[in-house]
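Dear colleague,

I am handing over the structure below, and after it you will find my notes on what turned up in it. Please read them alongside the coordinates.

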Amino acid sequence: MKQLFSVKTAMSVVYFLAGMIIMGGIWALIAKLTKNEIPAPSATWTVFKEVIQHPFQNDADQKGIGTKLLSSLSRVSIGFGLGSLFAIPIGLIMGSSKIAMRVINPMVQILKPVSPLAWFPLGLAIFQDSPKASIFMIFICCLWPTLINAAFGASNIPQDHKNVSKAFGFSKWKYLTKILLPFSLPHIITGLRLSIGIAWMVIVAGEMLSGGIGLGNFVWEEGFNGGSVAKILVAIIIIGVVGSLLDRCFTWLQQRFSYAV
C-alpha cells in the first residue's frame, strides 16, 4: 500500500498522462490537417463507445469486439505456447553443446529473417485451413527470440557453476534443474517477452489474410472495407493496450526471476 502511493508511482502517472496528452495533441493536429479524413480523438471516442456495446455478442452474423479479441488471444496463446515448447529446449541444447550450435544455428540464421507473411501460404498449404495457418505463422515467428535467448543463457553459465556440478557429481537431471534452468530462466523470459510481442503483431496480419473472427479481420472488414477509419483507430487502440498489458505481464516475470543474473 505504501508503494502504491509513493512519489515514484505518482511521477509515473504524471509521465504517463503527459505522454497521452502529447499523443492526443499530435492526433488532433493530424485530424485538423487532413480535414477530419483521419477522425479526431473525440470522434473516435464516440465510435469506440459504439463498438464496445455488447462486447461478447456471438450471433452468427454479428460478433462483439470482446468475442473478436478473445478469438485473437486464443490463436496467439496456441501459437505462442507451441512455439515456446519447441524453442526453449532447442535453445538450451544449442547453448549447452558447441556441436548442436554449429548444426542448428545456420538454420536459425536462414529462417529467422523470413517475413511472417511468407509463412502464411505455407501454413495454408499444409493445413488447408486459414485459422490454423495463422497459428502456424505465429508458431514460426515466436520461435526465434525465445530460442536465441535460451541459447545465450545456457552458453553463458559460469565455469564455476559447471565445476561445482562436476565436483559434487550432479546427475544430468540435477544439473538441468539446479544450474541450467535457473541460470537461463531470466534470458528465456526475455525471449518469451519478445516473442509474445511478435505474436501479437503477427496475428493482426494473419487474420487480415485468413478472415474469420478476430481483431485483424475487424480492421480489414469493418474498418477498411466498411469505410470507417474511426473503427481502424479503435482497433489500433485496443491492439496497443492489450499488447502493452501482455508486455507488462512478462516484465513482471522478468523482475520476479532476475535473481539468477
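**Salt bridges and a helix contact**

E207 and R75 form a salt bridge, with their closest N and O atoms 2.7 Å apart; by salt bridge I mean a side-chain nitrogen of Lys or Arg within 4 Å of a carboxyl oxygen of Asp or Glu. This pair joins distant parts of the chain, since E207 lies in helix α8 (residues 172–210) and R75 in helix α3, 132 residues apart, where helices are DSSP runs of H or I with at least four residues, numbered from the N terminus. Both E207 and R75 are buried, a word that stands for under 20% relative accessible area, with exposed being over 50% and partly exposed in between (1.4 Å probe, protein chains only).

Before going further, please note that this is a predicted model, in which local features need pLDDT of at least 70 and side-chain atom pairs count only at pLDDT 80 or more, whereas totals for chains, interfaces and linings use all residues. Residues are numbered from 1 along each chain as its sequence is written, and side-chain values use heavy atoms, with hydrogens and water left out.

Over the whole structure, the search finds four salt bridges. In another of them E222 pairs with K68, the closest N and O atoms being 2.3 Å apart, and this pair too links distant parts of the chain, with E222 in helix α9 (residues 215–225) and K68 in helix α3 (residues 65–96), 154 residues apart. K68 is buried, at a relative accessible area of 7%, whereas E222 is partly exposed, at 25%. E222 also forms a salt bridge with K231, where the closest N and O atoms are 3.5 Å apart, and K231 is itself partly exposed, with a relative accessible area of 24%.

With regards

Technical notes
Helices (H or I, at least four residues) and strands (E, at least two) are DSSP runs, numbered from the N terminus.
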